[in-house]
Amino acid sequence: MTQVPQHIAIVMDGNGRWASRRFLPRIAGHRQGVESLRRCVRAVVARNVKVLTVFAFSSENWNRPADEVSGLMDLFAMALGREVPQLKLDGIQIHFVGERTGLSAKVAAGIAQAESATASNSRLVLNICFNYGGRWDIVQAAATLAAQGKPVTEQTMSQAMALAHVADPDLVVRTGGEQRISNFLLWQSAYSEFYFSDKLWPEFDEGELDRAIESYGQRERRFGKTSGQVNPPDPSEVTSLQQD
Ligand code: IPE
Ligand code: IPE
Ligand code: MG
């Protein structure tokens with residue numbers, strides 16, 4: 001049986017192209033992206049994944065045209081209001097990961113409400129990276145340690161990072177065909193496996209999720225060691241070889 005990753009992180013890319021191919025405005029692609037995320041959350045829960053981290057809006061996405069940025073902010077606040085009651089019933093614990101200052105009062109209120117309503121859930125931790133950048137996270141962690149007068153070590157940094165409440169992602173998936181990290185989990189993906197999908201995010205379905213998990217199951221995670229160290233031969237096979 002394929003080993004299932006405990007923590008999957010996803011760069012949900014390709015909404016704009018999905019819409020353009022249908023001669024629709026880009027925001028229609030983002031709306032469809034919300035549908036895809038709802039389906040994905042259900043699918044990962046059914047596969048017993050424990051943590052799902054999704055990239056919803058990057059530090060760099062502020063550079064998009066103003067109407068797309070405001071459309072994304074409105075969609076985000078609206079989707080939270082609509083989806084949180086069911087996510088709460090489904091046992092999902094929601095966390096927002098990103099810079100919170102600079103967000104509108106409506107978005108900030110939606111975030112606070114979603115987090116408090118789902119805080120006692122434990123079936124799946126859903127981290128939504130919004131106004132997030134991997135460099136921002138590293139800098140804010142270092143600044144926090146400096147302000148507290150604490151030493152900077154890998155351990156104290158990890159504890160000061162925005163994803164300190166979960167283990168590092170086992171598998172990072174990016175949809176949309178691009179093979180780049182785009183300032184996603186720079187620190188936490190140090191030893192993640194990667195899966196790049198040509199599917200646009202609105203088309204990402206259970207079949208593609210299973211292909212990503214299947215691919216992950218075939219990898220040998222060595223963490224710097226040799227294959228022989230992480231995958232020692234079966235002792236019973238060694239004995240039978242010696243007897244021959
Ligand atoms: C990802 O889809 C969603 C966000 C960045 C908010 P895109 O909007 O980047 O879609 P493409 O890459 O233009 O197709
Ligand atoms: C990454 O996608 C950010 C999100 C999915 C939220 P982008 O579409 O912004 O990435 P680049 O700019 O093409 O690298
Ligand atoms: Mg994109």
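**Exercise 1.** Work out how exposed Arg38 is, and find its salt-bridge partner.

*Solution.* Start with Arg38: its relative accessible area is 27%, so it is partly exposed (buried is under 20%, exposed over 50%, partly exposed in between, using a 1.4 Å probe and protein chains only). Next, look at its side chain, which meets that of Glu83 in a salt bridge at 2.8 Å, N to O (a side-chain nitrogen of Lys or Arg within 4 Å of a carboxyl oxygen of Asp or Glu). Glu83 itself is buried, at 13%.

A quick note on the model: it's predicted, so local features need pLDDT of at least 70 and side-chain atom pairs count only at pLDDT 80 or more, while totals for chains, interfaces and linings use all residues. Residues are numbered from 1 along each chain as its sequence is written, chains are lettered from A and ligands numbered from 1 in the order written, and side-chain values use heavy atoms, leaving out hydrogens and water.

**Exercise 2.** Find where the salt bridge between Arg47 and Asp210 sits.

*Solution.* First, check the gap: 2.6 Å, N to O. Then trace the chain: Arg47 is in the loop between H2 and strand S2 (51-58), and Asp210 is in helix H7 (residues 206-217), 163 residues apart. Last, check accessibility: Arg47 counts as buried at 19%, whereas Asp210 is partly exposed at 35%.

How values were computed. Helix = DSSP H or I, 4+ residues; strand = E, 2+ residues; numbered from the N terminus.
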